[in-house]
Amino acid sequence: MAMTVEPRVRKGPVVRNAVGRDGGFRRIGVKRLTPVIGAEIDGVDLRGPLGPEVVEELRQALADNLVIFFRDQAITPEQHVAFGRLWGDLHAHPAAPHEPAHPELMIIAADENSVRANGEGWHTDVSCDPEPPMGSILHIVECPPEGGDTLFANMYAAYDALSDRMKAHVDGLEAVHDGEHVYRGLYANLGVDDKPSYPKARHPIVRTHPWTGRKCLYVNQGFTTHILGVPREESQALLAYLYAHMAQPLFQRRFRWSPNAIAFWDNRCAQHQAMWDYWPHRRFGHRVTVKGERPV
Ligand code: SIN
C-alpha cells in the first residue's frame, strides 16, 4: 500500500515575536544588535550618579532586549557595585572567588594556568538558588587579542517557537536545579574550600517574567538535573530536545568584548555561554549579580 507523506507542518518564520525597539528613548541611545536579542547602549556614563529617568530607560532597554552592552566604561569596583545596587540587593556567589574587600564582586578570570573558565556551557546564573539572580553585570577589564566572546540566547523566543502541543506539554512541569554537581570542587585549584552543601531548588520549566508578563523557557544544561513527575528517560529525552531547540542560532547574539565593556543580562529570560577559545591569553573582569525572585 502506498504511504502518504505528510507535509511538514510549518506556519511561517520560527521567530515572530522579536523584542526590542531602538526609538522612543530620550536619555540614552539604544542600538539593537539583532531583532531577537541584544542592544548596545550609548550616552551613559556608568561612573554615575544616574538619574531616575536614565535608570528607567535602561530598565526598559533591558526588558526589550534581554541583554544590554556598554563600551568604554572604566568603572571602579565601587562604581560597579553601586550600579548593581540600582537594580536590587546584590547576590554573593555560593562558590566562586570574589575580591577580598567586596564579596559582591565575583572574579571572572582565565589565563595560561587555568584549568577551566567561567560559563563555558549554556546556563543562567545560579539557577539552583530558590530565588535565582534576576541579572548579572559583567565588566571585562582585560581582553585577549582575539576570542573570549559571550553568546546570549532569548528564552522567550525559544518558548514561542515551540509547537502548541509541546507548549501544552511543558507548561506546568517543574524541574530540579542543583548546584552540587556544578560547584563541588570547582574552585579547589584556586584554594577555595567547598561549602558543606550547595543550593538546590525546583522551578517551573516555563516561567512568566515579572516585568513583561511573557512566558519563557527556564531549564539549562548547567544546573537542571531532571524534570519532576516523569520517568528519568523521558526527562532526559525532553531536556535534550529543549537544549537543542534553545541552542538554535536564531535565538542568539554573540558579543565581542573590548576592554572596559559591560554586559548586563536578564537571567530570567536569557541564557549565556562564554567562549574559552583564547588560551594561553588572559581575560579578566568582575561580575556583580543582582538578587531575583522565586520563578513562577
Ligand atoms: C558567566 O557565566 O558569568 C561568565 C560569562 C563570561 O565570562 O563571559
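Reply: Helices (H or I, at least four residues) and strands (E, at least two) are DSSP runs, numbered from the N terminus. Helix H1 is followed by Leu66, whose phi is positive, near 75°. This is a predicted model, in which local features need pLDDT of at least 70 and side-chain atom pairs count only at pLDDT 80 or more, while totals for chains, interfaces and linings use all residues. Residues are numbered from 1 along each chain as its sequence is written.

Me: How do you know that the span of helix H1 agrees with its 14 residues?

Reply: The expected span is 1.5 Å times one less than the number of residues; for residues 52-65 this gives 20 Å, and the end C-alpha atoms are 20 Å apart, so the two agree.

Me: What makes the buried residues of H1 line one face?

Reply: Glu57, Leu58, Ala61, Leu62 and Asn65 are the buried ones (20 or more other C-beta atoms within 10 Å of their own; exposed means 12 or fewer, partly exposed in between; C-beta atoms are placed from the backbone). Seen down the axis of H1, they fall within an arc of 140° (taken from the directions from the helix axis to the C-beta atoms), so they line one face. On the other side of H1, Pro52 and Glu53 are exposed.

Me: Why is strand E7 called mostly covered?

Reply: Of the 5 residues in E7 (residues 150-154), 4 are buried.
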